[in-house]
Amino acid sequence: MPDDITVGQPQFSSRRRLLRLAAGGLTLATLTTGAVGCNDGAVETEDPGSAGGGQPSGEDDKPVDDATGGDKAPKPLWTRTTSAETYGDNDEFVVAAGVVLASGSPLAALDTATGKKKWSLPGGAVPGAPLLLGKDTLYLASSQYDGTVTGYDPASGKETWRSRLGAGYRQPRPVAVDGTQVYVVAEILEDDGSSKTNVIAALDSGTGRIAWKEQRDLGTMQNGIHAAVRGRHLVYTDFKKNLTVRDTATGGQVWTRKTTKTNYGFFAVHENLVIVPQDNVLQAFDLSDGTEKWTLKSLQFDLFKEPAVLEDVLYIADSARKVRAVDPRTGKVLWQSTSLADAGLQVPRQYVKVGDTLFGATDLDAKGGIIAMDAKTGDVRWTFNDGSGDHHAWLAATDGERLFALHGTALHALPV
């Protein structure tokens with residue numbers, strides 16, 4: 001649920017976040033809810049049996065420069081040019097059911113082993129909206145801006161579920177999903193077609209019916225939302241620094257608070273805690289009542305970046321390029337490393353883990369890319385950079401066998 005932070009260049013973070021919000025806000029402000037219509041023929045498919053192993057061939061393939069910045073950087077298994085249109089959020093790039101998908105139009109699912117296209121949705125994904133996975137279903141906001149939320153089988157691209165919030169709401173976007181419900185946020189329409197408020201709602205992931213809906217407070221935003229579900233608690237932030245927890249069964253607000261800084265809304269959750277970076281302070285709050293459980297501080301001007309909890313360990317870097325592994329239950333530092341600073345590398349803004357290797361994906365291109373670190377020490381093992389100079393942030397995902405690195409429209413599959 002992290003956004004583009006560049007050490008020493010905070011303007012890039014604000015720029016990309018504002019671009020994402022502008023993209024979402026423009027479409028929401030100019031389009032209203034239309035009629036619902038099924039489009040059973042919207043999926044283009046390719047026979048999976050026609051995709052051979054090894055390096056794909058064809059005009060979509062691009063040669064890859066040698067990986068730079070490390071001693072043992074692997075060569076890509078394959079590289080493809082995609083239709084990706086991302087704004088730098090981690091939930092715009094996912095792996096499921098043997099395919100890898102990057103938000104774009106058309107939305108193309110590529111075979112993880114070969115890079116061959118397995119299926120595509122011509123309408124694609126709404127720019128800036130997340131690709132949400134739950135119960136073997138990919139949930140998307142409708143690219144037709146008709147007020148629907150649709151579920152697809154990620155293996156085949158076939159539509160399996162559909163729901164609609166209602167005519168009084170404009171373009172609901174899914175923000176989180178659990179085993180029984182899909183959570184959406186939408187603008188509430190006024191009689192003149194404008195909107196001053198928004199609603200958060202839960203849709204039954206079986207029937208598509210509305211389980212509950214609650215109007216959010218004035219001053220909240222329907223864009224820039226990051227959300228997660230843990231048991232009975234739905235926790236989310238927005239671009240106005242609101243941190244809110246609701247009861248997933250009723251929609252009732254459990255607690256809310258203003259935060260000083262949340263790195264544009266990014267947080268991590270573990271068990272009954274939500275962990276929020278705020279300037280040089282990392283705070284953990286109890287999901288049930290909002291009480292503070294632990295605090296971790298860095299030096300005054302060493303600002304914490306985006307956190308991630310992987311296999312019961314919290315990983316987080318600061319603006320001094322120090323990476324920490326933290327026990328998310330207690331806030332105890334397990335290790336800290338200055339390897340990034342020593343190597344002159346950028347700070348990761350996203351993390352994935354395979355075995356004993358922690359992979360970090362950075363913002364921009366010059367001193368970043370994909371950084372492989374020892375998960376037990378933080379030592380840098382190698383870095384991968386395609387040398388393209390593309391201004392987009394790197395995004396990473398894994399199926400446990402390969403690491404997928406998206407940079408602009410270039411998608412690389414790396415061995416792990």
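This is a predicted model: local features need pLDDT of at least 70, side-chain atom pairs count only at pLDDT 80 or more; totals for chains, interfaces and linings use all residues.
Four strands make up an open sheet in the order 7-8-9-10, and their pairing is antiparallel. Strand 7, residues 132–134, and strand 10, residues 159–164, are the edge strands, and each of them pairs on one side only. On average, neighbouring strands of this sheet are turned by 25° against each other, with direction ignored.

Within the sheet, strand 9 covers residues 148–152 and pairs with strand 10 in the antiparallel sense over 5 bridges. T150 has R162 of strand 10 as its bridge partner.

The loop between strand 7 and strand 8 (137–141) holds D136. This residue has a phi near 60°, a positive value in a residue other than glycine. Most residues other than glycine have a negative phi. D136 has a relative accessibility of 71% and therefore counts as exposed, since the cut-off for exposed is over 50%.

Another open sheet is formed by 4 strands in the order 11-12-13-14, with antiparallel pairing. Strand 11 (169–177) and strand 14 (210–215) stand at its edges; each has a single partner strand, so one side of each is left without a neighbour in the sheet. Neighbouring strands here are turned against each other by 25° on average, direction ignored.

Strand 12 spans residues 181–188 and runs antiparallel to strand 11, to which it is joined by 6 bridges. One of the bridge pairs is R170 with E187, the latter in strand 12.

## Strand 28 and its two partners

One partner is strand 27, residues 348–354, which pairs with strand 28 in the antiparallel sense over 6 bridges. V354 stands opposite T357 of strand 28.

Another partner is strand 29, residues 370–374, which runs antiparallel to strand 28 and is joined to it by 5 bridges. A361 has I370 of strand 29 as its bridge partner.

## The second largest cavity

Rolling a probe the size of a water molecule over the atoms shows where empty space is left. The second largest cavity holds about 60 Å³ of space. Its lining consists of T82, S83, A84, V100, L101, A102, A108, L110 and L411. Strand 4 (99–102) and strand 5 (107–111) are the elements that give two or more residues to this lining. The largest share, 3 residues, comes from strand 4. By type, the lining residues divide into 7 nonpolar, 2 polar and no charged.

The loop between strand 4 and strand 5 contains P106. A cis peptide bond joins S105 and P106, with omega about 0°. Most peptide bonds are trans.

V229 is found in strand 15, which covers residues 226–230. Its relative accessibility is 13%, so V229 counts as buried; the cut-off for buried is under 20%.

With its neighbours within four places in sequence left aside, V229 is in contact with A176, V177, D178, Y183, L234 and T248. V229 and V245 are 16 residues apart along the chain, and their C-alpha atoms are separated by 9.4 Å.

## The loop at E271

E271 has its place in the loop between strand 19 (268–270) and strand 20 (273–278). Phi of E271 is near 50°, a positive value in a residue other than glycine.

Conventions
Residues are numbered from 1 along each chain as its sequence is written. Side-chain values use heavy atoms; hydrogens and water are left out. Two strands pair if DSSP finds at least two bridges between them. Axes are lines fitted to C-alpha atoms, for helices over the stretch in contact, and angles run from 0 to 180 degrees between N-to-C directions. On a 1 Å grid over the protein atoms alone, a cavity is a set of points where a 1.4 Å probe fits but cannot get out, and a pocket is an open set with protein on both sides within 12 Å along at least five of seven lines; lining residues have an atom within 4 Å of a point. Grid points are joined across faces, edges and corners, and a volume is the space filled by probe spheres set on the points. Ala, Val, Leu, Ile, Met, Phe, Trp, Tyr, Cys and Pro count as nonpolar, Asp, Glu, Lys and Arg as charged, and the others, Gly among them, as polar. Buried means under 20% relative accessible area, exposed over 50%, partly exposed in between (1.4 Å probe, protein chains only). Contact means heavy atoms within 4.5 Å.
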